Amino acid sequence: MTDPLDDDNDNPRRSRWIGVLIVVLALVMGLGMFNVGRLISRPKPEIAAAAAVVEASPTLQLGRDLVTKGSDCMRCHTMDLDVVGPGFVTIAKRYAGRSDAVDYLAGKIREGSVGEWGRVIMPRHPHITPEQSQLMAQWVMALQPKPAAKP
C-alpha cells in the first residue's frame, strides 16, 4: 500500500524548456551588450579630423548621408572596425595611393565584389545611381588619415 503523504508520484513533470530559454536569452543579451559597448566608443582622432573635413564640404556631407542614412552600408561596415566588411577608414587607407580610387570604389559599390577582402562578399547595389556611388566613394576616400607634419 502506498503512503498518502507520498506525493512524488502524483506531481506532473515540469518542463525544462523555460529554464533553457531564460539561459539562452541571458547569454544573447550579455553578448549583445558586449558588442554594443565595443561599437560605441569615443571616435579616434583621425576620424574626428576626417569629420571636420566632411563638415566643410557639402558634397562630402551628401556622400556621408547616402552611406549612413540612404543605403544599407551600415549593416556590414562601421567607421573603423572590421565587422562583416572592412571599416570605412580601413578602405580609405587601402586605396589611398590609387589615382582612380573614387571611380574604382564607385564601381565596387554598384557592382559588388568577391575576394577583395578575404572571403567576404559585397553584394551588388544596382539601385544606387552612378552619381550617388561617386559621392559615396568620395566620402569614403575623404576618411583617409592625413600624413603627420614633420617637425
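Residue L21 belongs to helix α1, which spans residues 17–39. In this predicted model, L21 is partly exposed, with a relative accessible area of 42%. L21 also takes part in a nonpolar surface patch together with W17, I18, I22 and L25. The accessible area of this patch amounts to about 530 Å².

**Overall architecture**

The secondary structure of the protein consists of six helices and two strands. Read from the N terminus, the order of these elements is α-α-α-α-α-β-β-α. The protein has 151 residues, of which 24% count as buried. Its exposed surface comes to about 11,100 Å², and carbon and sulfur atoms supply 61% of that area. Among contacts between residues at least 6 apart in sequence, 51% join residues at least 24 apart.

**Salt bridges**

Side chains of opposite charge can pair when their charged atoms come close. The count of salt bridges in this model is five.

| Pair | N to O distance |
|---|---|
| R64 and E55 | 2.6 Å |
| D65 and K69 | 3.8 Å |
| K108 and E116 | 3.7 Å |

E55, R64, D65 and K69 are linked in a network of salt bridges. K69, which pairs with D65, is exposed, having a relative accessible area of 68%. K69 is classed as exposed because its value is over 50%.

The pair formed by K108 and E116 has its closest N and O atoms 3.7 Å apart. K108 is partly exposed, with a relative accessible area of 21%, and E116 is partly exposed at 25% relative accessibility.

H77 is located in the loop between α3 (58–68) and α4 (88–94). With a relative accessible area of 12%, H77 is buried. This classification applies because the value for H77 is under 20%. The side chain of H77 reaches the backbone oxygen of P86 at a distance of 2.6 Å. Apart from neighbours within four places in sequence, H77 is in contact with G85, P86, F88 and I91.

**Cysteines**

A search of the whole structure finds zero disulfides. C73 is in no disulfide, and the nearest cysteine sulfur to it, that of C76, is 8.7 Å away. C76 is likewise in no disulfide, its nearest cysteine sulfur being that of C73 at 8.7 Å. This pair does not count as a disulfide because the sulfur atoms would have to lie within 2.5 Å. In terms of accessibility, C73 counts as buried at 15% relative accessibility, whereas C76 is partly exposed, with a relative accessible area of 30%.

Definitions and conventions
Residues are numbered from 1 along each chain as its sequence is written. This is a predicted model: local features need pLDDT of at least 70, side-chain atom pairs count only at pLDDT 80 or more; totals for chains, interfaces and linings use all residues. Side-chain values use heavy atoms; hydrogens and water are left out. Patches are made of residues with over 30% relative accessible area and no salt bridge: like charges are joined within 9 Å, nonpolar side chains (Val, Leu, Ile, Met, Phe, Trp, Tyr) within 5 Å. Accessible areas come from the Shrake-Rupley method with a 1.4 Å probe; for residues, only the protein chains shown count as cover. A salt bridge is a side-chain nitrogen of Lys or Arg within 4 Å of a carboxyl oxygen of Asp or Glu. Helices (H or I, at least four residues) and strands (E, at least two) are DSSP runs, numbered from the N terminus. Buried means under 20% relative accessible area, exposed over 50%, partly exposed in between (1.4 Å probe, protein chains only). A polar contact is a pair of N or O atoms within 3.5 Å; within protein, one must be able to donate a hydrogen and the other to accept it, and residues adjacent in sequence count only if both atoms are side-chain atoms. Contact means heavy atoms within 4.5 Å.
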